[in-house]
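Reader: Hi! Could you walk me through the aromatic rings in this one?
Author: Happy to, let's bring it up.

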Amino acid sequence: MSKHKFVAEFELRASPKVLFPYISSASGMQQWFAEKVTLKDSSTFDFHWDGESHIAKLSQLRLNKSAKFDFIPSSSDERDHNYLEFKMEVSELTGSTYLKIVDYSANTDDEELSELWEDLIFKLKEIVGN
């Protein structure tokens, strides 16, 4: 099964310090990203969507900059695993924080992914007061 890399960028009027816990911690991500998020150990997250569990390793973390989650494949022969990456950059011109999302998965429908991420980011903006 081939994978698809979806990239989107969203402007948020909140500092990276405020946003960072929402892209890197189980409690923060549970507020906007998944129905339930639990920590299995210091770097293993269990994301729940539609009653299904999805295990991911926090493979990269840069304080107030980025977080990357590598999802553990459901079968051992799957080499090309899904991942999700959040990167934040601050515009020197506007002072806004831009959240870049890289969603690498089997979902190839850009329109569906765009709608999904717009809805998720809308929730995040409501939480951080945007």
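**Aromatic rings**

Author: Let's begin with phenylalanine 47, which is buried, with a relative accessible area of 0%. Keep in mind that this is a predicted model.

Reader: Thanks! How many aromatic pairs are there?
Author: The count comes to 15 aromatic pairs. Take phenylalanine 33 and tryptophan 49: their ring centres are 5.3 Å apart and their planes stand at 80 degrees, over the 60 that edge-to-face requires, so this pair is edge-to-face.

Reader: Where do phenylalanine 33 and tryptophan 49 lie?
Author: Phenylalanine 33 is in the loop between α2 (26–30) and β2 (36–41), while tryptophan 49 belongs to strand β3 (residues 44–49), so the pair ties together parts 16 residues apart in sequence.

Reader: And how do phenylalanine 47 and tryptophan 49 pair, stacked or edge-to-face?
Author: Those two are stacked, because their planes are at 10 degrees, with the ring centres 5.5 Å apart.

Reader: Nice. Is phenylalanine 33 buried or exposed?
Author: Phenylalanine 33 is buried, at 6% relative accessible area. Tryptophan 49 counts as partly exposed, with 25% relative accessibility.

Reader: Which residues do the ring pairs link into a cluster?
Author: The cluster is made of Trp32, Phe33, Phe45, Phe47, Trp49, Phe69, Phe71, Phe86 and Trp117.

Reader: Switching topic: what lies over the face of tyrosine 83?
Author: That would be lysine 68, at 4.3 Å from the ring centre of tyrosine 83.

Notes
Residues are numbered from 1 along each chain as its sequence is written. This is a predicted model: local features need pLDDT of at least 70, side-chain atom pairs count only at pLDDT 80 or more; totals for chains, interfaces and linings use all residues. Side-chain values use heavy atoms; hydrogens and water are left out. Rings of Phe, Tyr and Trp (its six-membered ring) pair if their centres lie within 6.5 Å; planes under 30 degrees apart count as stacked, over 60 as edge-to-face and the rest as tilted. Helices (H or I, at least four residues) and strands (E, at least two) are DSSP runs, numbered from the N terminus. Buried means under 20% relative accessible area, exposed over 50%, partly exposed in between (1.4 Å probe, protein chains only). A charge sits over a ring if NZ of Lys or CZ of Arg is within 6 Å of the ring centre and within 35 degrees of the ring normal.
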